[in-house]
Amino acid sequence: MQHAKPQQHTNTQRGFSLVEVLVSLSIFTIVVGMAVSTTIVLVDANAKAQNVQQASTNLAFALDSMSREIRTGLLYFGTTGGNPSRNATNGATQDCNSVDCRAISFIEAGDSLTGSCRAGGRGRIGYRYQQVLNGSEVEDGYLERRLCAGSWERITAPELIIDSFHFKVSNTDRTDARAPVVIMYAEAHVAGTGLTESEIIMQSSVTQQAIDI
């Protein structure tokens with residue numbers, strides 16, 4: 001009686017060689033590295049865009065608030081010093097066209113805010129630009145507002161650094177029958193790191209609503 005020989009199955013499948021594995025890992029590493037680099041660039045670009053938006057919104061809000069009060073004011077007094085005139089009773093006005101013109105004061109037409117202090121001769125609203133320098137570098141820069149003889153209060157956000165700001169005040173003479181004009185120019189940025197630091201330039205022009213003649 002003959003017995004059939006067991007059939008032997010030959011395995012034709014083979015695994016990856018060491019060289020193939022190493023090549024695959026190298027290609028994977030390169031692709032992952034490119035993806036990570038692209039992601040970092042996109043994150044930085046997004047942070048920069050947010051900084052620009054933040055700076056624009058904060059500075060625009062401050063300039064808009066100033067413009068509304070200046071537009072309806074009277075007796076504009078521009079100055080290069082940090083303490084503009086507070087005296088509302090002497091009727092003083094002063095043009096200020098220098099790049100160092102950093103402050104302005106004026107009388108509120110309706111007296112809704114300054115009415116209680118007009119009798120004391122201090123019924124003016126004032127705005128000024130202040131700098132904190134570290135050598136020749138601007139470490140901090142901001143806008144302040146003062147009501148009558150009160151204390152100065154910062155009106156721009158702490159994270160917004162105003163590098164340069166000046167007023168241009170013209171036609172304040174009450175005898176020339178021309179409407180006073182106030183121009184505000186600002187350069188600012190939101191402090192960041194590396195590519196996320198953003199800068200913005202903004203200008204606003206204000207014409208007096210009613211000529212104070």
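Here is a friendly talk about the nonpolar core and the salt bridges of this structure.

Biologist: Before we start, what kind of model is this, and how are residues numbered?

Modeller: This is a predicted model, where local features need pLDDT of at least 70, side-chain atom pairs count only at pLDDT 80 or more, and totals for chains, interfaces and linings use all residues. Residues are numbered from 1 along each chain as its sequence is written, and side-chain values use heavy atoms, with hydrogens and water left out.

Biologist: What makes a set of residues a nonpolar core?

Modeller: The members must be buried Ala, Val, Leu, Ile, Met, Phe, Trp, Tyr or Cys residues, joined through side-chain atoms within 4.5 Å. The largest such core here has 28 residues, and Leu59, Met66, Phe165, Phe167, Val182 and Met184 have the most contacts inside it. Among the elements giving two or more residues to this core are helix 1 (18-71), strand 6 (160-170) and strand 7 (181-190). Helix 1 supplies the largest share, 6 residues. Helices (H or I, at least four residues) and strands (E, at least two) are DSSP runs, numbered from the N terminus.

Biologist: Which residues does Phe165 contact, neighbours within four places in sequence aside?

Modeller: Its partners include Leu63, Met66, Tyr129, Leu143 and Met184. Contact means heavy atoms within 4.5 Å.

Biologist: Why is the pairing of Asp64 with Arg68 called a salt bridge?

Modeller: The term requires a side-chain nitrogen of Lys or Arg within 4 Å of a carboxyl oxygen of Asp or Glu. For Asp64 and Arg68 the closest N and O atoms are 2.4 Å apart, so the pair qualifies. The two residues are 4 apart in helix 1, which means about one helical turn separates them. The whole structure holds 4 salt bridges.

Biologist: How do you know whether Glu69 is buried or exposed?

Modeller: Buried means under 20% relative accessible area, exposed over 50%, and partly exposed in between (1.4 Å probe, protein chains only). Glu69 has 18%, so Glu69 is buried. Its salt-bridge partner Arg145, with closest N and O atoms 2.9 Å apart, is partly exposed at 22%.

Biologist: Where in the chain do Arg145 and Glu69 lie?

Modeller: Arg145 is in strand 4 (residues 137-147) and Glu69 in helix 1, 76 residues apart, so this pair links distant parts of the chain.

Biologist: What makes Asp140 and Arg154 a salt bridge?

Modeller: Their N to O distance is 3.1 Å, and the pair therefore meets the cut-off. Asp140 is buried at 17%, whereas Arg154 is partly exposed at 32%.
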